[in-house]
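Hi,

Here is the structure I promised to pass on to you.

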Amino acid sequence: MKIGKNSVVTARYTLKDAQDNLIEEGQEPMVYLHGGYDNVFPKIEEALEGKEKGFSATIQLNPEDAFGDYDAELVKVEPRERFPSPLEVGMQFEGMPEDSEESAGADDGDAHIFTVTDIADDKVVLDGNHPLAGIALRFSLTVDDVREASEEEIAHGHVHGAHGHHHDDDDGDDEDDANAEYRSHKLH
């Protein structure tokens, strides 16, 4: 079967930076619903379109194709008293960047995840960029399987079952699922 709209793709992958430094070697295969569901980077979908099981490739992703350019405006210095104790470098908080369009009432209202990158005396440095923002990536993958998606997977816009998304409730309310950005294996 060829990879096309509404097919489920299972692939093993390795993620490296442009200098071939290993960032992540997928312990679990990446499983996603192909066809514009935002479950994987569009450039990867483009490279896999029409391919079959066994296909291998290394796909170069520039920052704009992956996690975006690094935005210095997303680095904030905040008073230490605004945070709980204990506080450690690497902790993450969800919030709206102050003085941003989002906090001024923009329609999308997307909150950022801020990571504590430094703690000094009475100040905390937060970075709202994805850890891989501004980095060109090399995504090496091998397609292990391709199958037709079920009607339910297509309706939900993501893969169910092994390595996919599981629904914990049976009431059919997928309002939160419809707003989820990624349902397949997240890169971090």
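Below is what I found, going from the whole chain to a single residue.

A note on the basis: this is a predicted model, with local features needing pLDDT of at least 70 and side-chain atom pairs counting only at pLDDT 80 or more, while totals for chains, interfaces and linings use all residues. Residues are numbered from 1 along each chain as its sequence is written, and side-chain values use heavy atoms, leaving out hydrogens and water.

The chain has three helices and nine strands, taken as DSSP runs numbered from the N terminus (helices: H or I, at least four residues; strands: E, at least two). Their order along the sequence is β-β-β-α-β-β-β-β-β-β-α-α. Of the 188 residues, 35% are buried (under 20% relative accessible area; exposed is over 50% and partly exposed in between, with a 1.4 Å probe and protein chains only).

Strand β1 (residues 7–17) pairs with β3 in the antiparallel sense over four bridges, where pairing requires at least two DSSP bridges between the strands. Valine 8 has leucine 33 in β3 as its bridge partner. In β3 (residues 30–33), Met30 and Tyr32 point one way, Val31 and Leu33 the other, and all are buried.

Arginine 12, also in β1, is partly exposed at 48% relative accessible area. Leaving aside residues up to four places away in sequence, arginine 12 touches Ser140, Leu141, Thr142 and Asp144 (contact: heavy atoms within 4.5 Å). The C-alpha atoms of arginine 12 and serine 56 are 9.5 Å apart.

Best wishes
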